Amino acid sequence: MEGGGQRRIWEYCWIALCLSCFLCLGQQASAQIRYSIPEEVKEGSTVGNIAKDLGLEVSSLVDRQFRIVSGSKEELFQINQENGFLYVHRNIDRETVCVGSGVCMVNLKTMVENPLEIHYVEVEISDINDHSPSFPEKEQRLRIFENTLPGADYQLQAARDPDSGANSVRFYKLSPNDHFEIRVRESDEDKMPVLVLKKAVDREITTTHKLILTAVDGGTPPRSGTLNITVTVLDINDNRPVFNRETYSVTVQENSVVGTLVILVNATDKDEGSNSDIEYSFITLNTKVHEVFELDRITGEIRVKGEVDFEDTEVYKLDIQASDKGYPPMSANCRVVIKITDVNDNEPEIEITSLSKNIPEDSKPGTVIALVGVTDKDAGINAKVICQLNKNVPFELKPSFKDNMYSLVTSGRLDRETDSQYDITITVSDLGQPSMTSLTTLSVQISDVNDNAPEFVINPLELYIMENNVAGSSIISVRASDRDTDENAVITYHIIRGDGTQSDMASFLNINSETGVISALKSFDYETVKTFQFHVLATDSGSPSLSSNVTVNVFILDQNDNVPVILYPVSANGSAEGVEEIPRNVNAGHLVTKVRAYDADIGYNGWLLFSLKEVSEHSLFGLDRYTGQIRTLRSFTETDEAQHKLVILVKDNGNVSLSATATVIVKVVEPKEAFAASDVKNAVKDEEENHVTFYLILTLGSVSVLFLISIIVLIVMQCSKSTDCSSKYLQEANYDGTLCHSIQYRSGDKRYMLVGPRMSLGSTIVPGSNGNTLVIPDRRSRRESGEVSAH
């Protein structure tokens with residue numbers, strides 16, 4: 001009744017709220033109706049004509065969008081807008097929708113528009129008897145002693161029925177028997193069944209009673225559920241277990257495998273049933289016993305569980321208790337003595353003391369490295385040991401006055417550079433059967449002593465540098481290695497200075513004492529110095545320090561830094577200009593004159609080429625680009641000029657070529673005048689040519705001497721380095737007015753050749769040779785000019 005009054009109050013509140021909203025908005029209205037349906041009705045079943053109950057026109061339901069706007073999440077109900085009926089949309093299980101036995105209500109909120117109206121609908125879901133009472137378990141077991149007095153009660157499982165009201169559990173009934181009855185104890189609307197002993201039981205007559213408890217609900221027709229009850233009558237425990245021996249004694253070998261049977265203890269009980277069932281257990285409080293042995297609680301078997309070690313414990317004393325399962329239980333005790341027999345199961349133990357991990361490599365034989373002690377937990381012959389070292393180590397073991405004590409000493413000379421570390425393995429074996437062995441490895445480092453001088457991988461070194469190098473720039477880096485380590489391998493470098501004379505080029509060099517990088521303090525000139533030698537001293541930082549030196553042979557390579565010098569023609573004032581007279585009747589190919597030039601450079605830098613820079617008549621004169629010879633290309637005619645000017649350009653073949661010019665004035669005279677003037681001209685020319693020849697011979701002599709000195713130095717250096725002295729230094733075979741140079745440098749397997757020959761028109765340059773190697777064709781292909789090329 002209280003619930004109905006509260007609902008009415010709630011309805012009145014809603015009506016008042018809706019009326020207030022209607023007064024405020026003018027177009028809103030609300031109403032509330034209530035329906036009731038049983039659970040489990042078919043989907044589509046009609047609940048009620050909601051449109052009629054609310055006074056709504058059926059024809060306007062679609063236009064006004066009559067619908068449910070809120071309710072249960074499962075959408076249990078829907079409105080048919082065609083006829084205005086509220087129908088069941090989904091299957092309804094009251095026990096799922098509402099938990100408990102109270103009233104099950106589903107609240108729906110409906111709405112129509114134009115004008116807006118909100119209506120509330122309550123649908124009560126009534127219960128049907130669709131569930132039977134059930135117990136949590138199918139069977140319940142009880143144990144009752146045979147001396148239990150009548151009136152004793154025992155709580156049983158209560159049945160549960162999801163239905164509510166009259167459909168829930170109403171009463172319990174017990175299957176017919178002479179000793180038990182059922183009573184119901186109500187608590188919080190639950191009916192709890194209690195089994196009551198109405199007559200004493202006797203185990204000797206009946207040991208087990210089988211009962212059936214039935215729970216019945218109040219539905220029509222009623223539903224029921226059953227619980228099987230098994231009551232076991234327990235025996236009274238009035239007899240104590242008895243061991244067949246008070247003390248057990250047994251011997252077990254150590255290292256017995258896990259699971260080995262040690263002994264079987266046995267006790268008996270005159271009672272029956274559980275009162276005669278015996279369980280065995282340890283009484284010993286020593287936890288070590290539980291780690292080594294285990295006791296089967298049922299059979300009384302004692303087996304090995306863990307490690308049996310004679311050196312740890314020689315005798316185990318175990319107290320065993322036998323208890324029956326009576327209530328209260330009764331027990332008896334006995335003692336088990338287990339003696340352990342020894343076997344050789346301990347490896348020798350090695351102890352290292354006073355170990356010197358770093359030994360100088362100059363230590364003398366017999367130096368003590370460490371003290372070695374050996375122990376064995378076994379006794380007698382099992383404790384006797386033999387010690388050995390691994391082979392091929394310069395160490396040995398010397399026995400001490402005390403048993404199983406040894407000294408580890410050096411037995412030979414040590415060399416850190418050969419072996420910087422030794423792993424010494426000490427193997428110890430006892431004399432037991434079977435023998436047991438243990439080993440240990442010592443790592444001994446050999447410390448360094450400064451007994452190695454720095455070494456240069458290549459000695460002597462050959463350095464090729466171009467002339468005109470930048471003063472102050474590095475030219476070479478020397479590097480020495482020292483087999484020693486740490487400070488003994490720290491190397492400093494110094495240049496060994498000479499007497500300080502002008503020929504001592506070491507004074508123009510500077511070296512970084514730490515890196516060995518050598519810098520030139522001056523720019524070298526090939527035309528002044530072509531080769532020189534100096535020495536570098538490498539010194540380590542050991543005490544005392546050791547040192548060694550390396551010889552560096554320096555070869556200066558030529559650059560194109562000299563301009564060609566015109567030797568002929570040369571006028572009286574020193575300019576490169578001359579006058580030549582030739583008869584008008586000469587034929588084509590007549591040699592007019594020859595331009596002679598000289599270049600102080602060598603190779604391609606000194607290889608000169610001639611070309612006509614300026615000529616008054618191109619069809620009349622021709623110039624050989626290699627020899628400098630000027631010849632007529634045709635005979636003279638009456639219309640040809642009597643005087644011609646030829647400007648000849650002489651340039652070398654350097655990367656950036658240098659050049660000079662010479663001017664030749666050719667005068668064409670009548671044959672008689674040419675013969676008349678020839679005598680006077682020859683006399684003057686002979687004198688001039690004598691002077692030119694003298695200077696030319698002097699120049700050639702100086703150059704030849706320099707080349708001979710260079711060749712001799714190179715041959716001596718190469719022969720001192722190896723027996724292969726096959727390097728040949730080429731000289732010019734013939735001189736026809738143009739000076740050319742060629743020289744070869746050989747370093748190991750590499751040969752460098754710088755050439756600058758006077759080539760004929762048939763000479764060719766080998767492809768891929770970088771322009772440094774010339775191949776001269778067969779002599780038969782040479783021109784008839786009588787030229788010889790240096791090669």
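# Strands, loops and surface

Student: Which residue in β31 stands opposite Gln421?
Tutor: Strands here are DSSP runs of E, at least two residues, and helices are runs of H or I, at least four, all numbered from the N terminus. Look across to β31: opposite Gln421 stands Gln445.

Student: What kind of model is this?
Tutor: Residues are numbered from 1 along each chain as its sequence is written, and side-chain values use heavy atoms, without hydrogens and water. Local features need pLDDT of at least 70, side-chain atom pairs count only at pLDDT 80 or more, and totals for chains, interfaces and linings use all residues, since the model is predicted.

Student: In which sense do β30 and β31 pair?
Tutor: Two strands pair if DSSP finds at least two bridges between them. β30 and β31 share nine bridges. A hairpin of six residues joins them. Their sense is antiparallel.

Student: And in which sense do β25 and β31 pair?
Tutor: Pro360 stands opposite Ser447 in β31. There are three bridges between β25 and β31, and the sense is parallel.

Student: What is the strand order of the open sheet?
Tutor: Pairing in this four-stranded sheet is mixed. The edge strands, each pairing on one side only, are β25 (358-360) and β27. Neighbouring strands are turned by 30° against each other on average, direction ignored; axes are lines fitted to C-alpha atoms, for helices over the stretch in contact, with angles from 0 to 180 degrees between N-to-C directions. The order is β25-β31-β30-β27.

Student: What is omega at the cis bond between Gln433 and Pro434?
Tutor: Most peptide bonds are trans. Pro434 sits in the loop between β30 (421-430) and β31 (437-447). Its cis bond with Gln433 has an omega of about 0°.

Student: Which residue is joined to Pro221 by a cis peptide bond?
Tutor: Pro221 belongs to the loop between β13 (208-217) and β14 (224-234). Omega is about -5°, and the partner is Thr220.

Student: Is Asn468 buried, exposed or partly exposed?
Tutor: Asn468 lies in the loop between β33 (461-466) and β34 (474-477). Its phi is positive, about 65°, although it is not a glycine. Buried means under 20% relative accessible area, exposed over 50%, partly exposed in between (1.4 Å probe, protein chains only). Asn468 has 36%, so it is partly exposed.

Student: Why does Asp486 count as exposed?
Tutor: Asp486 is in the loop between β35 (480-481) and β36 (491-496). Phi of Asp486 is also positive, near 55°. Asp486 counts as exposed because its relative accessibility is 65%.

Student: How far apart are the C-alpha atoms of Lys402 and Gly373?
Tutor: Lys402 is in the loop between β28 (395-399) and β29 (405-410). It is exposed, at 53% relative accessibility. Gly373 is 29 residues away along the chain, and the separation is 9.7 Å.

Student: How many disulfides does the structure hold?
Tutor: A disulfide is a pair of cysteine sulfur atoms within 2.5 Å. Cys334 is buried at 5% relative accessibility, and Cys387 is buried at 17%. The disulfide count is zero.

Student: Which residues make the nonpolar surface patch of about 260 Å²?
Tutor: Patch residues have over 30% relative accessible area and no salt bridge; like charges are joined within 9 Å, nonpolar side chains (Val, Leu, Ile, Met, Phe, Trp, Tyr) within 5 Å. A salt bridge puts a side-chain nitrogen of Lys or Arg within 4 Å of a carboxyl oxygen of Asp or Glu. Areas come from the Shrake-Rupley method with a 1.4 Å probe; for residues, only the protein chains shown count as cover. The patch is made by Ile381, Ile386 and Leu431.
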